Amino acid sequence: MPLKRPHEDGRGSRDVELNPVFSREPVTVPRYALPEGEMGADVAYQLVHDELMLDGNARLNLATFVSTWAEPQAQRLMTECADKNMIDKDEYPQTAELETRCVHMLARLWHAEDPREAVGCSTTGSSEAAMLGGLALKRRWQHRRRAEGRPADRPNLVMGVNVQVCWEKFADYFEVEPRYVPMEGNRYHLSPETAVALCDENTIGVVAVLGSTFDGSYEPVAAIAAALDDLRDRTGIDVPIHVDGASGAMIAPFLDQELEWDFRIPRVASINTSGHKYGLVMPGVGWALWRDTDALPGDLVFHVNYLGGDMPTFALNFSRPGAQVIAQYYNFLRLGFDGYRRVQQTCRDVAVRLAAQIAKLDEFELVTDGSEIPVFAFKVRAGIEGFSVFDVSAALRERGWLVPAYTFPANRADLAVLRIVVRNGFSHDLADLLLEDLTRLLPRLRKQSRPHRDADDAGGFAHGAGTKEPQRSGRH
Ligand SMILES: Cc1ncc(COP(=O)(O)O)c(C=O)c1O
């Protein structure tokens, strides 16, 4: 939704001009109004294509977690399915079947006790999946409270202040009080004690993030679950966990098999991931899974016609392309467990090596080292007064690298970092080129007597590492 008003960029009154040598009439078209008549398809194509040249290069975008590369075969399947609407289960039963297969594959990957009992669906991304996960927690809590004859009008959700902005939206849109555990010192995410301290009888759930957007770290899901077990034993308050595995739920199963974070933990009721992040599909697909039908209240599920039968659906929207779900199934078939493991291991190797090289530079210090999700954050070393992370981000942009800089939330708002997301396609070679560019720009930055840029100049491309303050940059 374009919330910007047309006059805000100062160009609202000026038409878009086409070069008269290369185009037929019309040579100008209105910028913000529907043109009066038609134009040739080639002219329209060229006009749109040229305008898009100013976009950044997606492969050099180290801010996004979202896939910027796909095999030609995946792209071909996506084009073949561009006209299929995911909701038309009856018309496209095979697309529906492939979605179901993906859900079952994920249920096995995430160790559902009985994968045939697990329920789940595709979504547009982790944000929609988070809304569905949150709604299920809320509805379950309401049912329980009403059955007990107790008030069900003041639900709250406990999470670290580091959660991605989608959880802030969930709380806002669905009227649940968000209880954010603040950062403290070098603790940049949720801990068992701090989570439990905010829980009470109105807590619908705790969100544990596997792969924090701020620094790529895993939250200690098993320890949080154990602390909540203890809370239940002491007080009777029984709080389920939703794991936001937007990135990590497609990394940990392949690289950290011993780590218990998923349905192996009975308290984990639901998990989301972004198929379009380390699921390796281009945007937008996500997945939401519940450990069993008890975890997903039946009254949230709607029913559509499917081959003359009944197909349950749980979604915020209705129509949505089938292409991404097909591409997810293609990736699962194409790579299998070992293919995913190799892709993710390569990303982690690149991240850890690049982080270690950056740590060797006098100017920087690591906040995380890329050894959990292949994402790491680093800051300007204490004592360096002449430039800021925002200067470094701007200077890297001169060479096309998009590396976001942002400040941490309350309690650690003094901490400003750069963050690099290593994705499939960001090779050791590209990492070396980035390091060379970073090293080359440092002598120039060293000559500055004071920083030239601060958080207000940074733009909003921290990919949801928000500040929990409306209207601040970084909040999408
Ligand atoms: C931890 C976490 N949760 C949720 C999201 C939102 O995901 P999506 O962009 O798939 O909606 C992100 C995106 O970066 C994330 O990092």
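This is a predicted model: local features need pLDDT of at least 70, side-chain atom pairs count only at pLDDT 80 or more; totals for chains, interfaces and linings use all residues.
Which residues in helix 4 meet C166, W167 and F170 in helix 5? They are S126, S127, A130, M131 and G134.

**Confidence**

Across the protein chain pLDDT averages 91, and 92% of the residues reach a score of at least 70. Residues 470-476 stay under 50 in pLDDT. For that stretch the model has 19 contacts beyond four places in sequence.

**Helix 4 and helix 5**

Helix 4 covers residues 126-147 and helix 5 covers residues 165-173. Their axes lie 9 Å apart, and the two helices pack at an angle of about 45°. With that angle, helix 4 is oblique to helix 5. Helix 4 passes helix 5 in a right-handed crossing. Sorted by class, the contact of helix 4 with helix 5 holds five nonpolar residues, three polar ones and no charged residues.

**Around the ligand**

The shell around the ligand counts 17 residues, of which G125, S126, S127, Q164 and A246 come nearest. Helix 4 gives the most to this shell, with three residues. By class, the shell around the ligand has 11 polar residues, five nonpolar and one charged.

**Two pairs that involve helix 9**

Helix 9 runs over residues 323-360 and takes part in two packed pairs. One partner is helix 2, residues 72-80; the other is helix 11, residues 428-446.

| Pair | Axis distance | Angle |
|---|---|---|
| Helix 4 and helix 5 | 9 Å apart | about 45° |
| Helix 2 and helix 9 | within 8 Å | roughly 150° |
| Helix 9 and helix 11 | within 10 Å | roughly 20° |

In the pair with helix 2, the axes cross at roughly 150°. Helix 2 passes helix 9 in a right-handed crossing. Q73, A74, L77 and M78 in helix 2 are the residues that meet A323, I326, A327, Y330 and N331 in helix 9. Seven nonpolar and two polar residues make up the contact of helix 2 with helix 9, and no charged residue is found there.

In the pair with helix 11, the axes cross at roughly 20°. That angle makes helix 9 roughly parallel to helix 11. The crossing of helix 9 and helix 11 is right-handed. On the helix 9 side, V350, R353, L354 and Q357 take part, and they meet H428, A431 and L435 in helix 11. This contact of helix 9 with helix 11 divides into four nonpolar residues, two polar and one charged.

**Two backbone details in loops**

Which bond joins P283 and G284? It is a cis peptide bond, with omega at about 5°. G284 is found in the loop between strand 8 (268-274) and strand 9 (286-290).

The second detail concerns E175. Phi of E175 is near 55°, a positive value in a residue other than glycine. E175 has its place in the loop between helix 5 and strand 5 (177-181).

Methods:
Residues are numbered from 1 along each chain as its sequence is written. Axes are lines fitted to C-alpha atoms, for helices over the stretch in contact, and angles run from 0 to 180 degrees between N-to-C directions. Helices (H or I, at least four residues) and strands (E, at least two) are DSSP runs, numbered from the N terminus. Angles under 35 degrees count as roughly parallel, over 145 as roughly antiparallel, 65 to 115 as roughly perpendicular and the rest as oblique. A crossing is left-handed if the near helix is turned anticlockwise from the far one by less than a right angle, and right-handed if clockwise. Two residues are in contact if their C-beta atoms, placed from the backbone, lie within 7 Å. Ala, Val, Leu, Ile, Met, Phe, Trp, Tyr, Cys and Pro count as nonpolar, Asp, Glu, Lys and Arg as charged, and the others, Gly among them, as polar. A residue is near a molecule or strand if its C-beta atom, placed from the backbone, lies within 6 Å of it. pLDDT is the predictor's confidence in each residue, from 0 to 100.
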